[in-house]
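Dear colleague,

Please find the structure below, handed over for your files. My notes on what was found in it follow.

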Amino acid sequence: MTEERITETEGPAGETHTTHTIITDREEPRRSGGGSGWMILMVIVIVAVAGFVLFSNMSNSEVAKDNAVAEAANQVGDAAQNVGDAVKDAADPAK
């Protein structure tokens, strides 16, 4: 609804001043995209969690690989020790 007010004021010397005032009732501005903000937030949270899990698993697989290499090196060392013991045992009866 729009309302126009006209006010006339007369000064002491006889001059007249006219004031026009227009009053417009407006509805509150609507917020657009209220649901899209929540949707974007959920996507960001899901991507962050997926990234954390991915990098966490990559770190665990690196540790597992390092442990496997260390275990294999220990087994090679044990096998070399066994070969050395066998050679020593084979040489003892020959003396």
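Which side chains meet in a salt bridge? Those of Glu 3 and Arg 5 do, at 3.1 Å from N to O. A salt bridge here is a side-chain nitrogen of Lys or Arg within 4 Å of a carboxyl oxygen of Asp or Glu. The search of the whole structure finds one salt bridge.

Before the rest, two notes on the source. This is a predicted model, in which local features need pLDDT of at least 70 and side-chain atom pairs count only at pLDDT 80 or more, while totals for chains, interfaces and linings use all residues. Residues are numbered from 1 along each chain as its sequence is written, and side-chain values use heavy atoms, with hydrogens and water left out.

Overall picture

Helices (H or I, at least four residues) and strands (E, at least two) are DSSP runs, numbered from the N terminus. Of the 95 residues, 1% count as buried. Buried means under 20% relative accessible area, exposed means over 50%, and partly exposed lies in between (1.4 Å probe, protein chains only). The accessible surface of the chain is about 8,800 Å², and 60% of that belongs to carbon and sulfur atoms. These areas come from the Shrake-Rupley method with a 1.4 Å probe; for residues, only the protein chains shown count as cover.

The two strands

β1 and β2 pair in the antiparallel sense over nine bridges; strands pair if DSSP finds at least two bridges between them. The hairpin of β1 and β2 has five residues between the strands, and Gly 14 takes a positive phi near 100° there. Strand β1 (residues 2-10) lies largely in the open, because the number of its nine residues that are buried is zero.

Glu 3 stands opposite Ile 23 in β2. Glu 3 is partly exposed, at a relative accessible area of 32%, and its salt-bridge partner Arg 5 is partly exposed too, at 44%. Ile 23 belongs to strand β2 (residues 16-24) and counts as partly exposed at 29% relative accessibility. The C-alpha atoms of Ile 23 and Thr 2 are separated by 5.6 Å, although these residues are 21 residues apart along the chain.

Glu 4, also placed in strand β1, is exposed, with a relative accessible area of 51%. Leaving aside residues up to four places away in sequence, Glu 4 touches His 20, Thr 21 and Ile 22, where contact means heavy atoms within 4.5 Å. With His 20, the side chain of Glu 4 also makes a polar contact of 3.5 Å. A polar contact is a pair of N or O atoms within 3.5 Å; within protein, one must be able to donate a hydrogen and the other to accept it, and residues adjacent in sequence count only if both atoms are side-chain atoms.

The helix

Trp 38, Leu 41, Val 45, Val 49, Phe 52 and Val 53 form a nonpolar patch on the surface, with about 630 Å² of accessible area together. Patches are made of residues with over 30% relative accessible area and no salt bridge; like charges are joined within 9 Å, and nonpolar side chains (Val, Leu, Ile, Met, Phe, Trp, Tyr) within 5 Å. Val 49 is in helix α1 (residues 34-91) and is partly exposed, at 49% relative accessibility.

Regards
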